[in-house]
Amino acid sequence: MEAMTQADKMGSYEKQAIYYDAIYEAQGKDYKKEAEQIHEVIEKYKKSKGNSLLDVGCGTGGHFAYLRDWYSVEGTDIDENMLAIARKRYPEIAFHQGDFVGFDLGNQFDAVTCLFSAIGYAKTPGNLEAAIGSLAKHVAPGGVLVVEPWFSPEKWNVGKPHAVFVDKPDLKLARINVSERRDNISIVNFHFLVGTPNGVEYFTELHELGLFTQEQYFEAFRKAGLETTHDPEGITGRGLYIGVRST
């Protein structure tokens with residue numbers, strides 16, 4: 001497995017974290033609908049009898065408001081800035097800090113999810129296999145692993161500009177980037193212009209995510225010992241990889 005620093009594993013949300021939910025609200029992200037779809041997938045494939053769920057790369061915990069209607073939930077993320085928001089929002093839920101390559105909570109769950117393309121932060125094929133292996137280790141016999149992938153190499157469009165705008169009474173925000181690529185790594189260099197009652201701030205955040213093929217995902221799931229299905233549409237159009245551990 002390639003050596004991997006914290007900066008390599010995940011892009012930093014040090015400044016973006018406090019605006020994260022407002023940004024995706026402006027984009028129309030529907031956590032309730034996504035949670036319902038994820039629940040349907042889990043119910044379709046899960047063979048174990050329990051209802052425990054671990055969300056890896058949980059961010060601010062947006063899905064938890066709905067997933068906890070069906071599951072006993074826990075979350076893990078590498079970014080303490082995101083976890084601080086999640087813990088404040090859901091003080092009754094256990095959140096763990098750590099990356100998805102080599103983490104070990106010493107427990108198994110009936111469902112493990114890694115959503116919103118967080119798996120792309122693995123960056124390299126070796127780290128993808130290590131991450132899927134770590135996720136799978138936390139899946140109980142008969143349980144299910146659900147991974148929402150990042151873009152594949154052929155679907156990443158270089159030179160495409162992207163923009164998000166937030167217009168709230170006390171928050172005006174623009175987040176702009178142009179998609180870049182280095183080999184099979186997508187480069188997302190966000191430029192932020194943020195206005196609040198405290199003034200106007202400009203900052204950037206660099207995120208690098210691996211562009212993995214369908215074959216690489218299947219191989220990672222196979223090495224983790226999971227029976228795997230690919231849903232090409234998924235919950236946001238990026239697809240889902242669904243792995244079941246034998247009973």
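In which sense, right-handed or left-handed, does α6 pass α7? I opened the notebook with that one, and I come back to it below.

**Ground rules**

I am working from a predicted model, in which local features need pLDDT of at least 70, side-chain atom pairs count only at pLDDT 80 or more, and totals for chains, interfaces and linings use all residues. I number residues from 1 along each chain as its sequence is written, and my side-chain values use heavy atoms, with hydrogens and water left out. For helices (H or I, at least four residues) and strands (E, at least two) I take the DSSP runs, numbered from the N terminus.

**Entry: the helix crossing**

I found that the crossing of α6 past α7 is right-handed.

Which residues make the contact? On α6 I listed P125, L128, E129 and I132, and on α7 Q216, Y217, E219, A220, F221 and K223. Contact here means heavy atoms within 4.5 Å.

I also looked up T213, which sits in the loop between β10 and α7. T213 is 88 residues from P125 in sequence, and their C-alpha atoms are 9.5 Å apart in space.

**Entry: the sheet under the helices**

I traced an open sheet of seven strands with mixed pairing, in the order β3-β2-β1-β4-β5-β12-β11. Two strands pair if DSSP finds at least two bridges between them. β3 (94–97) and β11 (227–231) are the edge strands with a single partner each, so one side of each has no neighbour in the sheet. On average, neighbouring strands are turned by 15 degrees against each other, direction ignored.

At the β3 end, I noted that β2 (residues 72–77) pairs with β3 in the parallel sense over four bridges. There D77 stands opposite Q97 in β3.

Where do the two helices lie on this sheet? α6 (residues 125–137) lies across β1 (52–56), β4 (109–114) and β5 (139–147), at about 140 degrees to β5. α7 (residues 214–223) lies across β5, β11 and β12 (240–244), at about 20 degrees to β12.

**Entry: the β6–β7 hairpin**

I looked at β6 (residues 161–168) and β7 (residues 171–178), which run antiparallel and are joined by eight bridges. A hairpin of two residues connects β6 to β7, and K168 stands opposite L171 in β7.

**Entry: salt bridges**

I counted 14 salt bridges, each being a side-chain nitrogen of Lys or Arg within 4 Å of a carboxyl oxygen of Asp or Glu. For exposure I use relative accessible area: buried is under 20%, exposed over 50%, and partly exposed in between (1.4 Å probe, protein chains only).

- E208 and K123 meet at 2.9 Å, N to O. The pair links distant parts of the chain, with E208 in β10 (residues 199–210) and K123 in the loop between β4 and α6, 85 residues apart. E208 is buried at 17%, and K123 is buried at 12%.
- K172 pairs with D167, their closest N and O atoms being 2.3 Å apart. K172 is partly exposed at 40%, whereas D167 is exposed at 63%.
- E219 and R222 meet at 2.7 Å, N to O. They are three residues apart in α7, which means about one helical turn between them. E219 is partly exposed at 28% and R222 is exposed at 52%.

**Entry: two positive phi values**

In the loop between β4 and α6 I checked F116 and S117. Neither is glycine, yet phi is near 55 degrees for F116 and near 65 degrees for S117. F116 is partly exposed at 25%, whereas S117 is buried at 1%.

Methods
Axes are lines fitted to C-alpha atoms, for helices over the stretch in contact, and angles run from 0 to 180 degrees between N-to-C directions. A crossing is left-handed if the near helix is turned anticlockwise from the far one by less than a right angle, and right-handed if clockwise.
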